[in-house]
Amino acid sequence: MNVSCSGLDGCPGRYCGRLQHGLKCEPICGACPIGYRLFNHSDICSPCNEDAVPRDYMYFLFMILVTLSGHLVVLAMEVIKGKRTRTRNLVVTACICVLECVVAGIITLLLFEPYGTVQH
């Protein structure tokens, strides 16, 4: 059941909002769905159509680097334990870790809307 947006109380919190369907709104506040956010301190969840800012690129790079560092820590632990002693094998494994993280980042951009871009 949708009600008029003007007669509703404000939503509590910074990240709660209502979805708007034409001139009607959902009566219950909740988290905005993926791809939506609150703009200008309103209670209406609006689609994100802005271009990415440098902070968004830095976050994306940070997530890739966190994953890569996890791989490399495990690889370093194997070296310490003596399971990997050949330098060539170590370099190849490290390169595969880097390749895996880069490919995973590219696939992430291709799978989620807007497809193939880092636009919000």
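**Exercise 1.** In this predicted model, find which cysteine is joined to Cys11 by a disulfide, and work out which parts of the chain the link ties together.

*Solution.* Begin with the sulfur atoms: a disulfide joins Cys11 to Cys29, with an S to S distance of 2.0 Å, which is within the 2.5 Å that a disulfide requires. Then consider the handedness, which is left-handed, with -80° about the S-S bond of Cys11 and Cys29. Last, compare the accessibility of each partner with the cut-offs: Cys11 has a relative accessible area of 10% and is therefore buried, being under 20%, whereas Cys29, at 27%, counts as partly exposed.

**Exercise 2.** The structure holds 2 disulfides; describe the one formed by Cys32 and Cys45.

*Solution.* The sulfur atoms of Cys32 and Cys45 are 2.1 Å apart, and the two residues form a disulfide. The torsion about their S-S bond is about -80°, so this disulfide is left-handed. As for position, the pair links distant parts of the chain, with Cys32 in the loop between β4 and β5 (36–38) and Cys45 in strand β6 (residues 44–47), 13 residues apart. Turning to accessibility, Cys32 counts as buried because its relative accessibility is 19%, and Cys45 counts as buried at 5%.

**Exercise 3.** Decide where the nearest cysteine sulfur lies for Cys16 and for Cys97, and state whether each residue is buried or partly exposed.

*Solution.* Take Cys16 to start with: the nearest cysteine sulfur is that of Cys29, 6.3 Å away, and Cys16 is in no disulfide. Its relative accessibility is 26%, so Cys16 counts as partly exposed. For Cys97, the nearest cysteine sulfur belongs to Cys101 and is 6.9 Å away, and Cys97 is likewise in no disulfide. Cys97 has 9% relative accessibility, and therefore counts as buried.

**Exercise 4.** Name the residues that make the nonpolar surface patch of about 500 Å², and locate Val103.

*Solution.* The patch is made by Leu99, Val103, Ile107, Leu111 and Phe112. Within the chain, Val103 has its place in helix α2, which covers residues 87–111.

Technical notes: Residues numbered from 1 in each chain as written. Predicted model: local features only at pLDDT ≥ 70, side-chain atom pairs only at ≥ 80, totals over all residues. Heavy atoms only, no water. Patch = residues over 30% accessible without salt bridge, like charges linked within 9 Å, V, L, I, M, F, W, Y side chains within 5 Å. Areas by Shrake-Rupley, 256 points an atom, 1.4 Å probe, with all protein chains shown as cover. Salt bridge = Lys/Arg side-chain N within 4 Å of Asp/Glu carboxyl O. Helix = DSSP H or I, 4+ residues; strand = E, 2+ residues; numbered from the N terminus. Buried < 20%, exposed > 50% of the residue type's maximum accessible area, 1.4 Å probe, protein only.
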